[in-house]
Amino acid sequence: MMQRDECLKAFKRHRKDEIVVAVYMAAQEMTHIMPNDLNYTFTGAMGQGSSHALGIALGRPDKRVVVFDGDGSLLMNLGSLVTIANAAPKNYIHCLCENGTYETNGSVPIPRAGQIRFVDLAKAAGYPKTYEFSNLWDWDYELEQHS
Amino acid sequence: MRDPDFKVVQVCKEDEGISVCSGLFAAGHRSLMMMQYTGLLDSVNSLRGVAVEGENPVCMLVGLLGKEPGVAPTQSKKYGVKIIEPILDAMGIAHHWVEEPETRRRSCRPSKRPM
């Protein structure tokens with residue numbers, strides 16, 4: 001079990017000059033934990049964070065773009081996995097925080113909460129590399145490898 | 001799609017495209033969202049959040065598939081076509097009907113309001 005705010009704190013320790021897109025509750029936590037001019041929290045409508053991040057990544061190929069998405073959000077824009085895989089920007093990193101809910105709407109459970117293999121969906125869509133973490137140590141280690 | 005003057009980003013669903021345009025704008029680029037009117041109807045919430053409330057310029061070229069030639073969209077017998085302009089009006093989104101070459105030229109002027 002990983003807490004999202006702890007994940008963000010770990011990310012902050014390794015952050016360099018990445019543009020970071022976060023949605024809803026993750027955006028609030030990000031603003032609190034790691035205020036930064038390169039934080040992007042304007043995603044307009046639920047599910048759209050991954051698509052905003054794609055536009056930014058395509059427009060700024062010189063910068064890494066990291067999106068902190070939610071499982072409820074991604075389910076509202078699942079096709080974006082295929083769109084992103086097709087556009088294939090090398091500077092795009094898609095992080096999904098899975099809590100089994102549409103958190104912003106009162107933590108209503110998502111369909112098949114806890115039974116969806118999001119990492120497999122990403123693989124099947126064509127993401128070239130996928131990782132799955134269930135403890136902070138592994139997350140922190142992988143951030144170190146990629147920073 | 002093979003025109004080297006354009007970079008085409010294919011999307012699976014139209015509301016994604018609105019958001020990709022928004023991201024490109026944040027990154028300093030101009031973009032054009034091309035879709036049919038059905039896609040616009042499916043993107044109303046993205047447009048509401050991004051283009052209207054967020055005041056983020058999103059330029060769209062929207063096809064009116066099935067519109068009768070020479071008939072104003074609001075007079076179309078096709079329900080989906082008929083409701084497009086009233087919906088844009090209700091959202092406060094500036095729009096131009098482009099059918100003849102002359103209107104095409106006029107519509108290429110920049111709009112002062114987000115669309």
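Chain A of this predicted model contains 7 helices and 6 strands, where helices (H or I, at least four residues) and strands (E, at least two) are DSSP runs numbered from the N terminus. Read along the sequence, these elements of chain A follow the pattern α-β-α-β-α-β-α-α-β-β-β-α-α. Residues are numbered from 1 along each chain as its sequence is written, and chains are lettered from A in the order in which they are written. Because the model is predicted, local features need pLDDT of at least 70 and side-chain atom pairs count only at pLDDT 80 or more, while totals for chains, interfaces and linings use all residues.

The overall dimensions of chain A come next. A compact globule of 147 residues would have a radius of gyration near 15 Å, and chain A, with 14 Å, agrees with this; the radius is taken over C-alpha atoms, and the rule is 2.2 Å times the number of residues to the power 0.38. Along the principal axes, the C-alpha atoms of chain A fill a box of roughly 35 × 30 × 30 Å.

Within chain A, an open sheet of 4 strands has the order β2-β1-β3-β4, with parallel pairing, and two strands are said to pair if DSSP finds at least two bridges between them. The edges are taken by β2 (39-40) and β4 (92-97) of chain A, each of which has a single partner strand, so one side of each is left without a neighbour in the sheet. Helix α3 (residues 49-59) of chain A packs on this sheet, touching β1, β2, β3 (65-70) and β4 of chain A, and its direction makes about 175° with that of β3(A); such angles run from 0 to 180 degrees between N-to-C directions, with axes fitted as lines to C-alpha atoms, for helices over the stretch in contact. Two residues are in contact if their C-beta atoms, placed from the backbone, lie within 7 Å.

Strand β1 (residues 19-22) of chain A pairs with β2(A) in the parallel sense over 2 bridges, and A:Val20 has A:Asn39 in β2(A) as its bridge partner. Leaving aside neighbours within four places in sequence, A:Val65 is in contact with residues including A:Ile19, A:Val21, A:Ala53 and A:Tyr92.

Finally, there is the meeting of two chains. The contact takes 22 residues from chain B and 21 residues from chain A. On the side of chain B that touches chain A, the largest share, 9 residues, comes from α1(B).
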